[in-house]
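Student: Hi, could we go through the aromatic side chains in this one together?
Tutor: Happy to, let's have a look.
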Amino acid sequence: MSYEEKLTNGISRRSFIKGAAIGTVAASSIGILAGCGSTGESPQSESENGAAPEAGKPSFFDPPKPIADSEIKQTVKADVVVIGAGMAGLCAAISAAEEGAKVVLLEKTDDVKFRGYDWGAIDSKMQKSIGNKVDKLRAIQEIMRYGGYKADQKIVSLWANHSGEVADWIMEKAEALGIEPLPIPIDETTITGSTIETLGTLSFRLKANEKAMASVPKGTSPYTAALAYSLKTTAEKLVDIRFKTPAAQLIREDKGRVTGVIAGEEGNYTKFMAGKGIILCTGDYGSDEEMRKYYIPSTEHMHMNMYEMVHGPINTGDGHKMGLWIGAAMDEAPHAPMYFDFAVVGAPILADALMRQSWLNVNVRGERYCNEDLPYAFLCNAQRQQPEHYRWAIWDAKWPEEAPKFNLVACKDMRTEFHNPDNIKKYIEKGYIRAADTIEELAKKIKVPANTLKKTVERYNELARLGQDLDFGKRSECLTTVEKAPFYSAPLGTSLLVTLGGLQINDKLQVLDNEKNVIPGLYAAGNASGNYYANDYCVSLPGNSHGRAFTFGYLAGKNILNLG
């Protein structure tokens, strides 16, 4: 059955949306996965005596049987073992190795894993070079405010106070390998007129050379390629990297020190002993459905899981689980998701930038319900409250002149030079975008009541001509009439990039137990660590998730040698 038929024929909209297939798109679509690389398929959850998990309790809380010595084929000794070769893990491993430590870096996949092009920091050299000054206390308060003050402000302050120096440290690594910096325009870092005021935390960008692009999957963002190449190449010179080595269980006797980790495949494990300790940089748990539903119930209404789209079920909360099994505490639920409106409902593609401009949005009843000039997560939150949990974006033939005026919305880049115009024609042909010569015809194609949609468009056009959104308060720049044929529409839903809840830590990046006591020898950074985000991702500080990852990875590598 075609995409068009799925949405309009033979299946009720509700039953189709609930069962919408998760498409598989090559990694080249959006680059390498966000967050720290994950490690280790979780062993089957069962109690120590092999009994089934307690009824009504999520299975991931129940520790597996200890791995028998007979299954361990060798022992490797190091000062520090870092689990997860993502941004945080690479920075942690390099940082510790530069202090003279013998470091082993474990990664369950066959390469380093992270994505993105916004690296958030404060007071980097590049920021200073363009006169971009960010108020540290205000930035800290923004993250605290988004999280309803559930975070530990001392931990959030670590990012604000150290991210600039770590960004410069990364830049030095890149430049030593022939990777050139790309200056960031001041108008991109300090956005005026946005519905959500944005602080200019973009700290650096790197220009990928041929070696960097050749080192990553085709289609990867050049910014990601440059950073991945720089960190991986640097780590290879300093660190013993073990790819395809999933971590399975931490080693801790009673309530004592964490002394190592058992990793590898069943029947052929290696015991990695760490004299100074273990750093968990295993990414998030977005690909573990049980954990998602337990800690972020709203994920029930996602229409596309970006983990599945990018490269399969990799980030399955392995570090979180291993920590729980030896007594670590988890952030209070519900955790913060990083929601995006990338989902084209029922289609195996990511939404083009054009579809996600600040056009008129209506629900499945043809009603407007929110200010469309909102960041990703806010739009997703609003549409999940609507019947059937998705929206129709509607625009007209004037889009080439109108869209460039929209500029940016918080960390949401809506500039049309980032979309491929050729995709529009292709998406119309495939039915991902609907086109019609009248509003009535468009209503029929998107299966919403024609009379309601006509009234909604009439009211919207009235507000656009007035130049003031009296109904929802959208910026006047984004109020554009829907009156010139052809008219276009696309169905957009909620997708999840990463989960933002982790093991509780202190301001030294040491993992804590349920009594808030330090678990000796265990550290966490990146999306495996907690005490930072809650409710929603803080979109007013572009790139702050990546900034937290590299800053905390770097600091954990230093702290583990000084504190043990």
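Student: To start, is tyrosine 294 buried, partly exposed or exposed?
Tutor: This is a predicted model, and in it tyrosine 294 has a relative accessible area of 41%, so it counts as partly exposed.
Student: And what about tyrosine 295, buried or exposed?
Tutor: Tyrosine 295 is buried, because its relative accessibility is 3%.
Student: How many aromatic pairs does the structure hold?
Tutor: There are 21 aromatic pairs. One of them joins tyrosine 294 and tyrosine 295, edge-to-face, at 4.9 Å centre to centre and 85° between the planes.
Student: Which residues form an aromatic cluster?
Tutor: Phe60, Phe61, Tyr285, Tyr294 and Tyr295 form one cluster.
Student: Now tryptophan 359 and phenylalanine 406: why is that pair edge-to-face?
Tutor: Their planes are at 70°, and over 60 degrees counts as edge-to-face. The ring centres lie 5.2 Å apart.
Student: Where do tryptophan 359 and phenylalanine 406 lie?
Tutor: Tryptophan 359 is in the loop between strand 12 (336-344) and strand 13 (360-362). Phenylalanine 406 is in the loop between helix 14 (399-402) and strand 15 (408-409), so the pair ties together parts 47 residues apart in sequence.
Student: Is tryptophan 359 buried or exposed? And phenylalanine 406, buried or exposed?
Tutor: Tryptophan 359 is buried, with a relative accessible area of 1%. Phenylalanine 406 is buried too, at 1%.
Student: Changing topic, what sits over the ring of tyrosine 532?
Tutor: That would be the charged end of arginine 548, 5.2 Å from the ring centre.

Definitions and conventions. Residues are numbered from 1 along each chain as its sequence is written. This is a predicted model: local features need pLDDT of at least 70, side-chain atom pairs count only at pLDDT 80 or more; totals for chains, interfaces and linings use all residues. Side-chain values use heavy atoms; hydrogens and water are left out. Rings of Phe, Tyr and Trp (its six-membered ring) pair if their centres lie within 6.5 Å; planes under 30 degrees apart count as stacked, over 60 as edge-to-face and the rest as tilted. Buried means under 20% relative accessible area, exposed over 50%, partly exposed in between (1.4 Å probe, protein chains only). Helices (H or I, at least four residues) and strands (E, at least two) are DSSP runs, numbered from the N terminus. A charge sits over a ring if NZ of Lys or CZ of Arg is within 6 Å of the ring centre and within 35 degrees of the ring normal.
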